[in-house]
Amino acid sequence: YKSNLFLEEGIKKKCIAFCRTHNNNFAHITWISNSNISKEFVDLCPMRINWHNTIVWGRALTNPIYRNNGLYSFTQQQIQNYLAKNNFKYQKFSIKRNNIRSIKAMKKFKPKIVAIGVYIRLYKFNFRINIPYFNNI
């Protein structure tokens, strides 16, 4: 399964992997980052981060064989426990708007939306901008 291909790269970038396996096969993997170096691997969305008390998570991948078994939500709960034990106060992540499964799983944790990201492609150039989101106040 293709998550094996990411394993070496994620470890080289000093990311932390939360994995669920079944019979020595990856069923699900979610990565977290606690530095600028590892963030490049985990999430490409531009954002300001205070690394003292914040992590970024992303690049979650579930093997299609094991989908619809709640592995993403279960892994999120394990990550929440890890972060609480290690005194991380904030978490940042980005989800594409058409990734309904990830959005549904994340809603269980009632995240605060801080920005809406917009990608613009003009000929061969790609631009990313973040628009602050203030409806949470």
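This briefing covers surface patches, salt bridges, strand pairing, backbone angles and selected distances in one protein structure. The model is predicted. The salt bridge count comes to two.

**Surface patches**

- Lys104 counts as exposed because its relative accessibility is 61%, and exposed means over 50%.
- S6 supplies the largest share, four residues.
- With a relative accessible area of 42%, Ile129 is partly exposed.

**Salt bridges**

- Lys12 and Glu8 form a salt bridge through their side chains, with an N to O distance of 3.4 Å.
- Both Lys12 and Glu8 belong to helix H1 (residues 3-12), where they are four residues apart, about one turn of the helix.
- Lys12 and Glu8 are both exposed.
- The other salt bridge joins Lys13 and Glu40, whose closest N and O atoms are 3.3 Å apart.
- This pair links distant parts of the chain, since Lys13 is in the loop between H1 and S1 while Glu40 is in helix H2 (residues 36-42), 27 residues apart.
- Lys13 is partly exposed, at a relative accessible area of 25%.

**Strand pairing**

- Strand S1 (residues 16-22) pairs with strand S2 (residues 25-33) in the antiparallel sense, over seven bridges.
- Within this pairing, Phe18 is placed opposite Thr30 in S2.
- The two strands form a hairpin with two residues between them.
- Asn23 lies in the turn of that hairpin and has a positive phi of about 50°.

- Arg59 has a positive phi of about 50°, although it is not a glycine.
- Arg59 is placed in strand S3, residues 54-62.
- At 32% relative accessibility, Arg59 counts as partly exposed.
- Tyr123 is another residue other than glycine with a positive phi, here near 60°.
- The loop between S5 and strand S6 (125-132) holds Tyr123.

**Separations in sequence and space**

- Thr62 lies in strand S3.
- Thr62 is buried because its relative accessible area is 14%, and buried means under 20%.
- From C-alpha to C-alpha, Thr62 and Ile37 are 24 Å apart in space, with a sequence separation of 25 residues.
- Gly117 is found in strand S5, residues 115-122.
- Gly117 is partly exposed, with a relative accessible area of 42%.
- Gly117 and Glu9 are separated by 108 residues in sequence and by 26 Å in space, C-alpha to C-alpha.

Notes. Residues numbered from 1 in each chain as written. Predicted model: local features only at pLDDT ≥ 70, side-chain atom pairs only at ≥ 80, totals over all residues. Heavy atoms only, no water. Buried < 20%, exposed > 50% of the residue type's maximum accessible area, 1.4 Å probe, protein only. Pairing = 2+ DSSP bridges. Salt bridge = Lys/Arg side-chain N within 4 Å of Asp/Glu carboxyl O.
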